[in-house]
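Trainee: I have a few questions about this model, and I would like each answer to show its steps.
Mentor: Look at the sequence and the structure, then ask.

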Amino acid sequence: MQILKKIGIGLAALIAALILVSFLFPRKFGVSRSIVIQAPVEIVFDQVNDLRKWNEFSPWLADDPNMELSYGAITVGEGASYSWKSESAGSGTMTSVEVAPNQLVRYKLDFDSEGGGEAVWKFAPAADGVTATWEFSGDAGYNPINRWFGLFIDTLLGPYYEKGLAALKDRAEKIAADSAR
């Protein structure tokens with residue numbers, strides 16, 4: 001019985017230490033990736049600003065083709081929204097809250113019971129094209145689990161952002177090449 005008591009006390013101390021340590025981590029977390037796309041900014045911007053076109057480059061849709069999507073009344077520009085339900089990607093809603101044509105699109109994300117965040121797309125001139133930057137940020141608040149999650153967000157989401165940007169690049173460059181013919 002003494003050994004079980006010691007194990008219990010040790011486990012409780014470890015959990016308490018992990019919780020306390022989490023409060024040393026920053027509340028804010030984020031990930032950012034960029035890619036140069038050899039296409040006019042208008043083409044690249046249009047792919048991001050029109051939520052129905054996300055089907056062509058979304059890394060989460062590529063991973064789960066059975067994902068259920070439902071679109072809001074508006075699908076392009078400020079106020080555009082869609083919701084998703086997925087076995088692997090969870091569920092949530094994304095709503096466009098700010099649009100500066102060919103420069104920026106800001107989305108509010110709500111991951112249902114898992115919290116929320118903000119995704120931002122930025123577009124800047126590059127040699128023969130545009131640099132597209134995709135960012136995600138959030139606030140872990142005082143939740144110790146979210147604070148631990150924040151430490152690993154770049155490792156967890158970075159590869160998805162890279163995959164999505166590569167697919168966006170392929171799509172936009174194909175559209176640009178087709179329109180040049």
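Trainee: In which loop does Asp 128 lie?
Mentor: This is a predicted model, in which local features need pLDDT of at least 70 and side-chain atom pairs count only at pLDDT 80 or more, while totals for chains, interfaces and linings use all residues. Residues are numbered from 1 along each chain as its sequence is written, and side-chain values use heavy atoms, with hydrogens and water left out. Helices (H or I, at least four residues) and strands (E, at least two) are DSSP runs, numbered from the N terminus. By that numbering, Asp 128 is in the loop between E6 and E7.

Trainee: Is Asp 128 buried or exposed?
Mentor: Phi of Asp 128 is near 60 degrees, a positive value in a residue other than glycine. For accessibility, buried means under 20% relative accessible area, exposed over 50%, and partly exposed in between (1.4 Å probe, protein chains only). Asp 128 has a relative accessible area of 70%, so this residue is exposed.

Trainee: How is Asn 102 classed by its relative accessibility?
Mentor: Asn 102 lies in the loop between strand E4 (90-100) and strand E5 (104-110). Phi of Asn 102 is near 65 degrees, a positive value in a residue other than glycine. With 25% relative accessibility, Asn 102 is partly exposed.

Trainee: How many aromatic pairs does the structure hold?
Mentor: Rings of Phe, Tyr and Trp (its six-membered ring) pair if their centres lie within 6.5 Å; planes under 30 degrees apart count as stacked, over 60 as edge-to-face and the rest as tilted. By that rule, the number of aromatic pairs in the structure is 17.

Trainee: What kind of pair do Phe 57 and Trp 121 form?
Mentor: Phe 57 is in the loop between helix H2 (41-49) and helix H3 (59-63), and Trp 121 is in strand E6 (residues 116-126), 64 residues apart. Phe 57 is buried at 1% relative accessibility, and Trp 121 is buried at 0%. Their ring centres are 5.9 Å apart and their planes stand at 85 degrees, so the pair is edge-to-face.

Trainee: What kind of pair do Tyr 71 and Tyr 82 form?
Mentor: The pair links strand E2 (residues 68-71), which holds Tyr 71, to strand E3 (residues 81-86), which holds Tyr 82. Tyr 71 is partly exposed at 24% relative accessibility, whereas Tyr 82 is buried at 8%. The ring centres are 5.8 Å apart with planes at 45 degrees, so the pair is tilted.

Trainee: Which residue lies over the face of Tyr 71?
Mentor: A charge sits over a ring if NZ of Lys or CZ of Arg is within 6 Å of the ring centre and within 35 degrees of the ring normal. For Tyr 71, the distance from the ring centre is 4.1 Å, and the residue is Arg 52.

Trainee: What is the volume of the largest pocket?
Mentor: On a 1 Å grid over the protein atoms alone, a pocket is an open set of points where a 1.4 Å probe fits, with protein on both sides within 12 Å along at least five of seven lines; lining residues have an atom within 4 Å of a point. Grid points are joined across faces, edges and corners, and a volume is the space filled by probe spheres set on the points. For the largest pocket, the volume is about 830 Å³.

Trainee: Which element gives the largest share of the lining of the largest pocket?
Mentor: There are 28 lining residues, and the closest to the pocket centre are Trp 60, Ala 89, Phe 111, Phe 136 and Leu 157. Elements that give two or more residues include strand E7 (129-139), helix H4 (144-151) and helix H5 (153-180). The largest share, 5 residues, comes from H5.

Trainee: How many salt bridges does the structure hold?
Mentor: A salt bridge is a side-chain nitrogen of Lys or Arg within 4 Å of a carboxyl oxygen of Asp or Glu. One of them joins Lys 53 to Asp 46, with the closest N and O atoms 2.3 Å apart. The number of salt bridges in the structure is 9.

Trainee: Which residue forms a salt bridge with Asp 63?
Mentor: Asp 63 is in helix H3 and its partner is in helix H5, 100 residues apart. Asp 63 is partly exposed, with a relative accessible area of 40%. The closest N and O atoms are 2.8 Å apart, and the partner is Lys 163.
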